[in-house]
Amino acid sequence: RATYTMTGRLWKPYAAVLGTIAWIEGVDAAYDLVKEGVSVHAVLDLFMMVLVVGGVYYIASSASKSIYVAQGDADRATADLLEFRSKNDNTLREMGKAVHDQFAAWKLSRAEIQVAELLIRGCPSREISKLLGKSERTVRKQAIAVYSKSGLSGKADLCAFFLADIVPDAADDVASRTKKRP
């Protein structure tokens, strides 16, 4: 089931527009009340203002709830990550050493290693350039050098090189389960 929620700063422009409309409706209603007294037009303006203020409240409260839920999800993910790292500390340290041994076997430069590490972590070139204080062009050239020296075709292959044997092969798992059926 798909749901639409406004999180982060996305809700603020909508609330600002609706708030402006509510303000305009309020000013118009006040003007009409002063000029004409209680009239159908003034009552409709007041009604519209109340509806729009209700919309602003609804958007703001929905966004607040969504942000709260997202924060809870992030907190759980962080806790899971810390637990995973704690349980697998030695294995992760050995894997890190194995990754760096492979970088050495590929004869990567220090700069290429930095880029490769961030590529494996899933960072896009733009983010890598900011993190390392390099131009995107330099990062792309260093990434190409990593792929060339490793004989891999790109970021996905680089990640798969190190992760493919860690994660069980889903296709083999499905095949083994279907063979066991009578």
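Gln142 counts as buried in this predicted model, at 15% relative accessibility (buried means under 20% relative accessible area, exposed over 50%, and partly exposed in between, with a 1.4 Å probe and protein chains only). Gln142 has its place in helix H6, residues 136-150 (helices are DSSP runs of H or I with at least four residues, numbered from the N terminus). Its C-alpha atom is separated by 8.5 Å from that of Ala116, 26 residues apart along the chain. Residues are numbered from 1 along each chain as its sequence is written. Because the model is predicted, local features need pLDDT of at least 70 and side-chain atom pairs count only at pLDDT 80 or more, while totals for chains, interfaces and linings use all residues; side-chain values use heavy atoms, with hydrogens and water left out.

Turning to helix packing, two packed helices are described by the angle between their axes and the distance between the axes. The axes of helix H3 (residues 89-105) and helix H4 (residues 110-120) come within 11 Å and cross at roughly 135° (axes are lines fitted to C-alpha atoms, for helices over the stretch in contact, and angles run from 0 to 180 degrees between N-to-C directions). H3 and H4 are therefore oblique to each other (angles under 35 degrees count as roughly parallel, over 145 as roughly antiparallel, 65 to 115 as roughly perpendicular and the rest as oblique).

The loop between H3 and H4 holds Lys107, which is exposed, with a relative accessible area of 64%. Most residues other than glycine have a negative phi. Phi of Lys107, however, is positive, near 60°.

Note on methods
Helices (H or I, at least four residues) and strands (E, at least two) are DSSP runs, numbered from the N terminus.
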